[in-house]
Amino acid sequence: MAAHEGVPPSWRPILSDVLATAESRRLGGFLKAEEEAGKHIFPPRGERLMALALTPPEDVRVVILGQDPYHGAGQAHGLSFSVKEGVRIPPSLVNIFKEQQRDLNLPIPRNGNLTRWAEQGVLLLNNVLTVEEGQAGSHQNMGWEAITDTVVAAVAAQPTPCVFLLWGSHAQKKAGRVADLHKEHHLVLTAPHPSPLSAHRGFLGCGHFSKTNAFLESHGSAPIDWKL
């Protein structure tokens, strides 16, 4: 599978240069070899670029960065932190929902499918877009990072005000620097990762959802309806 397979038309001009690099070609070769070796790669083909498919560049109003996809069968479907309906909600997403409930007085959702957010302009992007079953981080440094760096840089360079929600040091390192270059018209909010290991250190209580909507409304944009 080529790394560029299924790139939505709206993102192709942004990604054309990076997809033509030797690094991206190696990524495509790596994924093809892994699949031919019988390894289970998540998310499945057709869902790996779902974040881009659901949120065109001109529609991005919020960016939430994850690290790599969930590595359990049936979980990952191309959106950071999200799982398909019927799949048990992972602990980090449970804490995200807890903070929403505290911040916005929303009910805890019964499922973890965040597609509705993506359709409103929330770019749910992972740093690495594939993973081997049961092997967290297994596709790091294989070429995805250059592609997702390009996506983040393109969003940061847009004139439309955008909110970057950077949870945990990984997201802060990836997007913080490029967002800071354009922060005069963006809002960059940071907090510890929502993982149970760190959420109590400041994610719970951060108020990022209400702060995001206040910023969007102050710039003439509709708030995100976070309710699922």
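Which backbone nitrogen does the side chain of Gln-75 reach? In this predicted model, local features need pLDDT of at least 70 and side-chain atom pairs count only at pLDDT 80 or more, while totals for chains, interfaces and linings use all residues. Residues are numbered from 1 along each chain as its sequence is written, and side-chain values use heavy atoms, with hydrogens and water left out.

The side chain of Gln-75 reaches the backbone nitrogen of Gly-72, at 2.9 Å. Gln-75 itself sits in the loop that runs between strand 2 (62-66) and helix 4 (91-104), where helices (H or I, at least four residues) and strands (E, at least two) are DSSP runs numbered from the N terminus. With a relative accessibility of 21%, Gln-75 counts as partly exposed, a term for values between buried, under 20% relative accessible area, and exposed, over 50% (1.4 Å probe, protein chains only).

If neighbours within four places in sequence are left aside, Gln-75 is in contact (heavy atoms within 4.5 Å) with Tyr-70, Ser-82, Val-83, Lys-84 and Val-87. Val-87 is 12 residues from Gln-75 along the chain, and the C-alpha atoms of the two are separated by 6.5 Å.

Conventions
Polar contact = N/O pair within 3.5 Å; in protein donor to acceptor, adjacent residues only side chain to side chain.
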